[in-house]
Amino acid sequence: MFKRSELDKRPQVEIFVDGVAVAARQGDTVSAALLASGRDVRRSTAVSGAPRLPYCMMGVCFDCLVTIDGVGNRQGCLVPVAEGMQIEIQKGKREIGK
Amino acid sequence: MTMAPKREAYDVVVIGAGPAGLAAAATSAEAGLSTLLLDENIGPGGQVFRAIASTPVTERAQLGADYWMGADLVQALRASSAEVIQRATVWSLDRNLEIGVSIGSASAFARARRVILATGALERPFPIPGWTLPGVMTAGAAQTMLKSSGLVPDGRTVIAGQGPLLWLLAAQILRLGGRIDHILDTTERGNYFAALPHALAFLTSPYFAKGLSMMREVRAKVQVISGVTELAAAGDGQLASVSYVAGGKRETIPADLLLLHQGVVPNVNLAMAAGVEHRWDELQLCWSPVLDASGTSSVAGIAIAGDGAGIGGATAAVVRGRIAARAAVEALAPAAAAKLAPMATLRTDLAKAERGRAFLDTLFRPAKQFRIPAGDTIVCRCEEVTAKDILDAVAIGATGPNQLKAYRRTGMGPCQGRLCGLTVTELMAQARAKSPQEIGYYRLRAPVKPITLAELAAVPKSEDDVKAVVRG
Amino acid sequence: MTKRVDAIVVGGGIHGCSTALHLCLAGVKPVLIEKDYAGRHASGVNAGGVRQLARHIPEIPLSIRSMGIWEKITELVDDDCSFESHGQVLVAENEDELASYRARVAELNGLGFTHEELIDAAELRRLVPAVADTCPGGVVSRRDGAANPAQTTTAFRRKAEQLGATVLEGVAATNVRQNGGLWHVDVGTESYAAPVLVNAAGAWAGKIAAALGEPVPVETVAPMLMITSRVPHFIDPVVILRGRKLSFKQFKNGTVLIGGGHLATPYQDRNETVLDWKSLAISARTVFELFPVMRSATIVRAWAGIEAKMKDDLPVFGPSARHKGLYHQFGFSLHGFQLGPGAGAVMAELIVNGGTQTRVSDLGIDRFHPSAL
């Protein structure tokens, strides 16, 4: 859906999406890194289970909700990636107390 | 990682580091007021100057001169004494000017003598059939990814809607080697005539020449279809096609990515939660705060600057930020105001920056069928409530957005109505033959952004609690 | 022009709407006057607890009467009000609390009330598996539950209107006066007159009572609530605490409501409240300790509804001590929602029959006779 510009010379950062290593770039938000990864990163909603991807990328739509380093319901479009970050795609209602 | 505000109280707290907030904070600090700037994003710039200090797109021509203007604002801010905290999400503001802010998963409270809200705008909801499908995004989303990560569309891409941002985005995508297959222009034909009376002001505004050359640049490379009157996205769990009607003829085109845009509207959540009075703006078709000439709101001590005060664009936002900050300085440290640009000069600057706005507002006033959906089209993305659901509730007695909550969970999800509020107001107004002003808006409450229970549980105890423990 | 009606009800909360509905059922067609809209304040935004548990003894008969109506609520208002009956549990946090609850249940049994039942740690864990294992037991009221307050109040309003009540919203009742054996009330440019006036104006009712010569010790309060995003189902009954303030409930949609009576600052004239986050943090800490599973849940919204609280925490319910045809129904002191359906039924009996089988005599306004103030 998206590709990286050839001009982008930022250093690589390795994150893990549902346990799989994915190359991101320093300064990417989690949502941008997920969309750039080419993987199926659709979450499913807590209401009907419908698949969703980020819609606004600016912190207002909450369609980018994702579990980051064990903390759920985070807005992936507002969080920068960090080396070794563990991302889980949320399916349905988010489990608590795990 | 946690960097709480250094003080418990400030003269001025500015919320949002876009054009208005950057200018306001620098101005306030320059006058010697203790100033805190809180911003939710990774770096300063807001949406228009997104990633200004970190973008990988360093070839200046690609993002354009208007973008790089933001670098000067950031430089001025950094040269000032203002305390700046990024990734700081303000989740509460009340009429006592007490601010609850989440920074690095810990919450803190700060008090202000003056608050300048510079929380900007968000893209108007574009509730067409299929707009919740993966692969449908806002044009602003694509622009955010382009500016902050150098990402451009590379599948079959359709851009649909109207407004200056749409053409700017298209030009930027093309300059970076991205792919656009079609642009579907939804501008209503009648708007061209309606906008004519404002054309002279527009022709002499800075928008005109820039806008024209950008449209030429895009039209040379992309097929543009004008006069689009219907639009729908379709696919099974993922966008597969976009269908539209233009000139009475329906077409369906395969697509991997659909970017929607029909203008921007003030981001009202924090201001409304603080109790600031808003009115329905009939021209811009959105809620705008009731403000005086200096941006002062109905809540004592709270001013609003930038697009959150009513859409005016980045240049106007900068000036409004300076005006609001100057007004704060005049109130708190009148002697220091002499150091700043005179109010009369600022007002002249603002009038200049706002020239041409009426033309744009009229020309790009979005069509009714793209604002007020029908049938199974989802209105509330969070709670998955359709237009029909809302009309059914109206039929059995729901009179406004708050009464609707007795029937449906519209607006009660995490986005707190940001993506459905305008639609719900206009839909109910139409169904009940009332004006949007009469129908009203959701009563918004803190936290305007969710916080975890653990984070709230960890906030500092009140002084009384501490005393109670000490006295044991 | 004055319109003559059978009765005037001031206040469109659950109580005013319920009384209007029950008056209609008895053939009395009232006009209901609400300055905002039905359920705008406490009745529409409370925690929705349908609770007989842990009530003051003088209001238990009314609560039991009400419970019977709740259990057939759909028959009455053609709407299930999202009422669910999974019980309410009062959790004892320590042995001292449990001992006091044991005494309370024994006292109730002595009075013939059997709805509260003492439970041990094992039964507590069975009912509320997620509760911290330090809690030694508690009390359950198995028929209790919860409903959606906005949906409920709206349903009562709608049904009352269908049965013949006139509902006026968005306009205040002013200039309440007695003249020629009738009660007169101005509503905008119109006036209404009736032999019966019900003062069910919630946080605004104290002023009406005082203006009619019956001042009572009442204050305006705004108890705060907060709600989480949807989480998987983990608890059925409503849980309450007494030592530390807490009420806790998960809705069918997965959201968890946290309340308990910490107060916001009400600005009654502006219909506005300012939340006290440091007090909400106390509630958050209590949940944090009692339900570790909730620690990572996100809070999406908090609010407070404006209502009346009496000095003795008991409602003012029944005929005026001074005026014929005037009835009071207010001051439910943070626990009026469950009482709404029953209170409307009993009020209609008092008005139409001049009496009721349900014991409400301890709730009268005469307990605040000037000598008792």
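What radius of gyration does chain B have, and what value would a compact globule with 472 residues have? Select chain B to begin the tour. A compact globule with 472 residues would have a radius of gyration near 23 Å, and chain B has 23 Å, which agrees. Please keep in mind that the structure on display is a predicted model.

**Stop 1**

Keep chain B selected and show its C-alpha trace. Along its principal axes, this trace spans about 75 × 50 × 40 Å. Next, switch to a cartoon view, in which 18 helices and 23 strands make up the secondary structure of chain B. Of the 472 residues in this chain, 63% count as buried. Consider also the contacts in chain B between residues at least 6 apart in sequence: 68% of them join residues at least 24 apart.

Now display the surface of chain B. The accessible surface comes to about 17,200 Å², and carbon and sulfur atoms account for 54% of that area. If the charged residues are coloured, 48 positive and 41 negative charges are to be found in chain B, and their mean positions are 2 Å apart.

**Stop 2: an annotated span of chain B**

Select residues 378-458 of chain B. An unreviewed UniProt entry annotates this span as "domain: SoxA A3".

**Stop 3: an annotated span of chain C**

Move to chain C and select residues 6-350. Here the annotation, again from an unreviewed UniProt entry, reads "domain: FAD dependent oxidoreductase". The span is 29% helix and 30% strand, and its end C-alpha atoms lie 15 Å apart.

**Stop 4: Ser43(C)**

Select Ser43(C), which is located in helix H2 (residues 42-45) of chain C. Is this serine buried or exposed? Ser43(C) has a relative accessible area of 13% and is therefore buried, as the cut-off for a buried residue is under 20%. Not counting residues up to four places away in sequence, Ser43(C) touches Gly13(C), Ile14(C), Pro149(C), Ala150(C), Thr153(C) and Phe337(C).

**Stop 5: Ala130(C)**

Finally, select Ala130(C), in the loop of chain C between helix H6 (121-127) and strand E7 (137-141). Leaving aside neighbours within four places in sequence, the contacts of Ala130(C) are Phe234(C), Leu290(C), Phe291(C), Pro292(C) and Val293(C). Ala130(C) and Ala193(C) are 63 residues apart in sequence, and in space the distance from C-alpha to C-alpha is 55 Å.

Conventions. Residues are numbered from 1 along each chain as its sequence is written. Chains are lettered from A and ligands numbered from 1 in the order in which they are written. This is a predicted model: local features need pLDDT of at least 70, side-chain atom pairs count only at pLDDT 80 or more; totals for chains, interfaces and linings use all residues. Side-chain values use heavy atoms; hydrogens and water are left out. Helices (H or I, at least four residues) and strands (E, at least two) are DSSP runs, numbered from the N terminus. The radius of gyration is taken over C-alpha atoms; the globule rule is 2.2 Å times the number of residues to the power 0.38. Buried means under 20% relative accessible area, exposed over 50%, partly exposed in between (1.4 Å probe, protein chains only). Contact means heavy atoms within 4.5 Å. Accessible areas come from the Shrake-Rupley method with a 1.4 Å probe; for residues, only the protein chains shown count as cover. Lys and Arg count as positive and Asp and Glu as negative; His and the chain ends are not counted. The place of a charge is taken as NZ of Lys, CZ of Arg, CG of Asp or CD of Glu. UniProt positions are given in the numbering used here, feature names are shortened, and annotations may be inferred rather than shown by experiment.
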